[in-house]
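Please read the points below with the model open beside you.

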Amino acid sequence: MQPRYLPRTLEPFIESASRQFPVLLVTGPRQVGKTTLLKAVAARSGPKAPRRYVTLDDPLLLTLAREEPALFLQRFAPPVLIDEIQYAPQLLPLIKQHVDAHPGKGQFWLTGSQPLALMHGVSESLAGRIAVVQLQGLSLAESLGLQPARAPFVPTPGAHPGHAAPAPPPRQSALSWLYTRIWQGSFPAFAQRPAPDHDLYYASYVQTYVQRDVRQLAQVGDLTAFTRFLRSAAARTAQLLNVADMARDVGVSPHTAQHWLSVLQASGLVYLLEPFHTNLSKRLVKAPKLHFLDTGLAAWLTGWSSPATLESGAMSGALFESWVVSELLKSWWHRGCPAPFHFYRDRDMREIDLLIVQDGHAHPVEIKKTAQPTREAVRHFSALGNLGLKPGHGAVICLCREALPLTPTVDAVPAWAI
């Protein structure tokens with residue numbers, strides 16, 4: 001049976017970028033639907049402009065691309081979609097030569113699931129000629145087939161979500177329904193029916209990621225230690241980053257741990273939320289906050305066997321926070337927009353989970369696993385006066401049923417409606 005395709009928020013931006021640049025690159029973790037997305041957009045072009053598809057996962061085609069890149073591009077002339085371009089960076093200089101000699105938009109569409117080595121070649125060869133966009137797993141709205149909001153999420157006075165908050169199924173509480181989503185994760189495979197076995201899927205995913213991407217592209221020698229490091233990162237989601245502690249737990253040097261962290265970051269598996277600070281304040285925490293971007297993968301790596309055990313377990317709040325941050329990142333990234341995200345924490349332990357800094361305003365966002373937030377949740381928002389920015393409207397993203405004003409400048413917003 002043909003897998004069900006769920007429309008992605010990124011589609012209009014891809015069409016727009018392809019009309020402006022000769023080369024388009026979609027990056028992101030494995031199995032988030034990069035190729036499926038591009039094939040769906042290409043299909044709308046109709047028979048007048050058919051786009052060839054070639055994958056470098058094919059050993060014969062990969063050998064041709066590496067050993068005879070000029071012949072490869074003659075064989076697969078544009079418009080073409082080349083999958084997993086990171087395996088043959090030799091193609092990039094020749095793609096540059098082609099688009100310089102044959103001006104035209106949307107000639108080459110590329111995907112790459114491990115941009116650690118890829119992006120150096122892109123910046124060297126295709127600067128000014130390529131649009132780079134990032135794709136993550138399905139947002140909640142995408143997985144439910146809901147119309148996405150018209151713009152990236154920013155708390156504004158009286159604003160309501162761009163899509164209707166979905167109703168949990170009968171006989172299931174909103175909390176258990178949401179934690180089923182958090183535990184399941186955002187890979188498109190879980191939106192299919194029947195969904196794959198949770199443990200088998202993630203075990204296979206980690207094995208493929210470690211054996212292929214890490215071994216081939218990141219030059220990691222001790223794969224067992226790297227897998228322990230991956231688990232260590234998942235266990236520290238929504239916490240301040242401490243590379244020295246992670247290195248000590250895994251038994252590697254801090255330098256090795258820092259390199260491995262850059263591998264996870266470049267692979268799109270983790271996101272480092274940087275603290276906001278200015279020269280006006282010397283008392284702010286400088287370490288970033290680590291967020292594991294797919295909570296299903298993080299839940300599997302840390303051993304939570306069901307949504308119920310996760311909901312009541314020690315990582316319940318941390319994975320809820322990382323899930324919200326991931327959803328908000330998709331709200332921006334899946335529209336082709338960089339996310340102006342930071343967090344605030346000072347030496348007096350005043351903390352704000354997220355700051356969305358836009359147009360000179362800092363919009364504070366607190367993330368709380370509660371259905372009845374109080375004004376106590378926003379007590380640290382007053383610390384924004386120390387940053388030299390104008391405080392913007394804020395939000396408490398929580399488990400409430402509908403968006404309601406909490407104070408004159410802060411709304412309570414349902415987590416499933418962002």
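1. Basis. The model is predicted; local features need pLDDT of at least 70, side-chain atom pairs count only at pLDDT 80 or more, and totals for chains, interfaces and linings use all residues. Numbering runs from 1 along each chain as its sequence is written, and side-chain values use heavy atoms, with hydrogens and water left out.

2. Overall make-up. The protein has 15 helices and 15 strands; these are DSSP runs numbered from the N terminus (helices H or I, at least four residues; strands E, at least two). Of its 418 residues, 54% are buried. Buried means under 20% relative accessible area, exposed over 50%, and partly exposed in between, with a 1.4 Å probe and protein chains only.

3. Contacts and surface. Taking contacts between residues at least 6 apart in sequence, 70% join residues at least 24 apart; a contact means heavy atoms within 4.5 Å. The accessible surface is about 18,500 Å², and carbon and sulfur atoms hold 54% of it. Areas come from the Shrake-Rupley method with a 1.4 Å probe, and for residues only the protein chains shown count as cover.

4. Cavity. A cavity is a set of points, on a 1 Å grid over the protein atoms alone, where a 1.4 Å probe fits but cannot get out; lining residues have an atom within 4 Å of a point. The largest cavity has a volume of about 50 Å³, the volume being the space filled by probe spheres set on the points, with grid points joined across faces, edges and corners.

5. Cavity lining. Which residues line the largest cavity? They are Pro 29, Val 32, Gln 136, Gly 137, Ser 186, Phe 187, Gly 268, Leu 269, Leu 293 and Asp 294. Five are nonpolar, four polar and one charged. Ala, Val, Leu, Ile, Met, Phe, Trp, Tyr, Cys and Pro count as nonpolar, Asp, Glu, Lys and Arg as charged, and the others, Gly among them, as polar.

6. Cis peptide bonds. Pro 78 and Pro 79 are joined by a cis bond with omega near 5 degrees, and Pro 79 sits in the loop between helix H4 (69-75) and strand E3 (80-83). The bond from Arg 193 to Pro 194 is also cis, with omega about 0 degrees; Pro 194 belongs to the loop between helix H8 (174-184) and helix H9 (198-218).

7. Positive phi. Gln 31, not a glycine, has a positive phi of about 65 degrees. This residue is in the loop between strand E1 (23-27) and helix H2 (34-43) and counts as partly exposed because its relative accessibility is 39%. For Asp 359, also not a glycine, phi is positive at about 55 degrees. Asp 359 lies between strand E10 (351-358) and strand E11 (361-367), in the loop, and at 70% relative accessibility counts as exposed.

Technical notes. 1 Å grid on protein atoms, 1.4 Å probe; cavity = no way out; pocket = protein on both sides within 12 Å on 5 of 7 lines; lining within 4 Å.
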